[in-house]
Amino acid sequence: MRIMVVCGAGASSTFVAVKLRSAARMRGEDVVVEPGSASELESLAGIDVLLVGGHLEAAVPALRQRAAATGTAVALLPAVSPAALDGDTALDLALNAKAAAL
């Protein structure tokens with residue numbers, strides 16, 4: 001499964017992506033996690049789940065509309081500091097979003 005984590009500038013998404021990769025590795029989940037910024041998100045093709053930083057909640061409807069064309073699931077991360085977000089929470093959000101999209 002390919003997961004893209006986006007935030008405003010890309011720094012927070014990198015921090016979350018590292019935690020998410022670690023949680024996936026501990027669980028034996030086969031995932032590829034990429035960080036990025038919402039403003040530089042060109043295509044959702046090939047992305048199974050788009051995790052959106054909580055501070056970008058207003059952008060979620062437009063992102064969901066874009067994602068519908070590619071079958072990409074979209075989930076909003078909790079509005080907490082990336083340092084406070086644990087990788088298991090992010091991974092659960094991604095897995096649940098993917099399952100709900102099937």
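Guide: A nonpolar core is a set of buried Ala, Val, Leu, Ile, Met, Phe, Trp, Tyr and Cys residues joined through side-chain atoms within 4.5 Å. The model before us is predicted. Its largest nonpolar core has 19 residues, and Ile3, Val5, Leu20 and Leu51 touch the most other members.

Visitor: Which elements give two or more residues to this core?

Guide: They are strand 1 (2-7), helix 1 (11-27), strand 3 (49-52), strand 4 (73-76) and helix 3 (87-101). Helix 1 gives the most, with five residues.

Visitor: Which residues does Leu20 touch?

Guide: Leaving out residues up to four places away in sequence, Leu20 touches Ile3, Val5, Val33, Leu51, Gly87, Ala90 and Leu91. A second, separate core of twelve residues also exists; Val6, Ile47, Leu50 and Leu63 are among its members.

Visitor: What makes helix 1 roughly perpendicular to helix 3?

Guide: Two packed helices are described by the angle between their axes and the distance between the axes. Here the axes of helix 1 and helix 3 come within 8 Å and cross at roughly 80 degrees. Angles of 65 to 115 degrees count as roughly perpendicular, and therefore helix 1 is described as roughly perpendicular to helix 3.

Visitor: Which residues make the contact between helix 1 and helix 3?

Guide: Helix 1 contributes Val16, Lys19, Leu20, Ala23, Ala24 and Arg27, while helix 3 contributes Gly87, Asp88, Ala90, Leu91, Asp92 and Leu95. Sorted by class, the contact of these two helices has seven nonpolar, one polar and four charged residues.

Visitor: Why is Ser13 called buried?

Guide: The cut-off for buried is under 20% relative accessible area. Ser13 has 2% relative accessibility, so Ser13 counts as buried. This residue is found in helix 1. Not counting residues up to four places away in sequence, Ser13 touches Val5, Val6, Cys7, Pro35 and Gly36.

Visitor: How do you know whether Thr72 is buried or exposed?

Guide: The relative accessible area of Thr72 is 8%. Because buried means under 20%, Thr72 is buried. Thr72 lies in the loop between helix 2 and strand 4. A polar atom of its side chain lies 3.2 Å from the backbone oxygen of Leu44. Residues up to four places away in sequence aside, Thr72 touches Leu44, Ile47, Asp48, Val49, Leu50 and Ala67.

Visitor: Why does Ala69 count as exposed?

Guide: Exposed requires over 50% relative accessible area. Ala69 has 73% relative accessibility and so counts as exposed. Ala69 lies in the loop between helix 2 (60-68) and strand 4. Between Ala69 and Ala45, which are 24 residues apart in sequence, the C-alpha to C-alpha distance is 8.7 Å.

Visitor: What makes Arg21 partly exposed?

Guide: Arg21 has 33% relative accessibility, so Arg21 counts as partly exposed. The place of this residue is in helix 1. Apart from neighbours within four places in sequence, Arg21 is in contact with Val33, Glu34 and Pro35. Arg21 and Val32 are eleven residues apart in sequence, with 7.6 Å between their C-alpha atoms.

Visitor: Why are Met26 and Pro61 called exposed?

Guide: The cut-off is over 50%. Met26, in helix 1, has 72% relative accessibility and therefore counts as exposed. Pro61, in helix 2, has 54% relative accessibility and so counts as exposed.

Visitor: How far apart in space are Met26 and Ala11, and how far apart are the C-alpha atoms of Pro61 and Gly46?

Guide: Met26 and Ala11 are 15 residues apart in sequence and 23 Å apart, C-alpha to C-alpha. Pro61 and Gly46 are 15 residues apart along the chain, and their C-alpha atoms are separated by 20 Å.

Conventions:
Residues are numbered from 1 along each chain as its sequence is written. This is a predicted model: local features need pLDDT of at least 70, side-chain atom pairs count only at pLDDT 80 or more; totals for chains, interfaces and linings use all residues. Side-chain values use heavy atoms; hydrogens and water are left out. Buried means under 20% relative accessible area, exposed over 50%, partly exposed in between (1.4 Å probe, protein chains only). Helices (H or I, at least four residues) and strands (E, at least two) are DSSP runs, numbered from the N terminus. Contact means heavy atoms within 4.5 Å. Axes are lines fitted to C-alpha atoms, for helices over the stretch in contact, and angles run from 0 to 180 degrees between N-to-C directions. Angles under 35 degrees count as roughly parallel, over 145 as roughly antiparallel, 65 to 115 as roughly perpendicular and the rest as oblique. Ala, Val, Leu, Ile, Met, Phe, Trp, Tyr, Cys and Pro count as nonpolar, Asp, Glu, Lys and Arg as charged, and the others, Gly among them, as polar. A polar contact is a pair of N or O atoms within 3.5 Å; within protein, one must be able to donate a hydrogen and the other to accept it, and residues adjacent in sequence count only if both atoms are side-chain atoms.
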